[in-house]
Amino acid sequence: MRHSLTALALLFASGCGSHFAVVSPDDFLELAHEDSRRYGYELRATSADGVVVGVREIENPQHGSRDFWVDAIRNRLRRDAGYALIDESDVSAASGQTGHQLRFGHDESSRPYIYWITVFVTPDRVFVVEAGGRRDPFAAAQARVESAISTFRIR
């Protein structure tokens, strides 16, 4: 999963300020803001088993569409990082905007990982909600991760 985070960090430059709200999953610890920002996140939270949820807020000065950003992310992870697309679907933010979720799988050092990216786009901003971890711990936390993503609200 480390390679996917690096690929996305190169694809995006983090925006300034928080224009969203989200409730971290139960039993996850929110990481210090300065540590999260160092990796391009506005928010990061982790479980004791290493499942991580993070949010990036990216400026969208060229007003790229949701389809553009979803395609760019899908292409980067599949072609450049070797992730397998398992599933994708439209989702809704708690504030009503339609987003798109991509679910990937990837093996690192013979261990299977799960990596989800949920994208919401406004004319000025792109919000990327990432969740991932080793497959078994992620499966155990999946309901909590889905619940947290369902609380995502654009302000």
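View 1. At 5% relative accessibility, F20 lands in the buried class (buried is under 20% relative accessible area, exposed over 50%, partly exposed in between, with a 1.4 Å probe and protein chains only). This is a predicted model, so local features need pLDDT of at least 70 and side-chain atom pairs pLDDT 80 or more, while totals for chains, interfaces and linings use all residues. Residues are numbered from 1 along each chain as its sequence is written, and side-chain values use heavy atoms, leaving out hydrogens and water. The ring rule gives 8 aromatic pairs. F20 and F152 make a stacked one, with 5.6 Å between centres and 20° between planes. Rings of Phe, Tyr and Trp (its six-membered ring) pair if their centres lie within 6.5 Å; planes under 30 degrees apart are stacked, over 60 edge-to-face, the rest tilted. The two residues are 132 apart in the chain: F20 is in strand 1 (residues 20-21), F152 in the loop between helix 4 and strand 9 (153-154). Helices (H or I, at least four residues) and strands (E, at least two) are DSSP runs, numbered from the N terminus.

**View 2. F152 again, now with F120.** F152 is buried, at 0% relative accessible area. F120 and F152 are stacked too, 5.2 Å centre to centre with 10° between the planes. F120 sits in strand 7 and F152 in the loop between helix 4 and strand 9, so this pair ties together parts 32 residues apart in sequence. Zoom out a bit and F20, F120, F127 and F152 form one aromatic cluster.

**View 3. Helix 4 and its bend.** Helix 4 (residues 135-150) has 16 residues and reaches 21 Å from first to last C-alpha, close to the 22 Å expected (1.5 Å times one less than the number of residues). There's a bend of about 60° at A141, taken as the angle between axes fitted to the seven residues ending there and the seven starting there. Buried residues of helix 4 are P137, F138, A141, V145, A148 and I149. Their cover includes strand 4 (52-59), strand 6 (98-108), strand 7 (111-121) and strand 8 (125-134).

**View 4. S47 in its loop.** S47 is in the loop between strand 3 (43-46) and strand 4. Its 10% relative accessibility is why S47 counts as buried. Skipping residues up to four places away in sequence, S47 touches D27 and F28 (contact: heavy atoms within 4.5 Å).

**View 5. Two arginines over rings.** R56 lies over the face of Y41, 4.1 Å from the ring centre. The charged end of R103 sits over the ring of W116, 3.6 Å from its centre. The rule asks for NZ of Lys or CZ of Arg within 6 Å of the ring centre and within 35 degrees of the ring normal.
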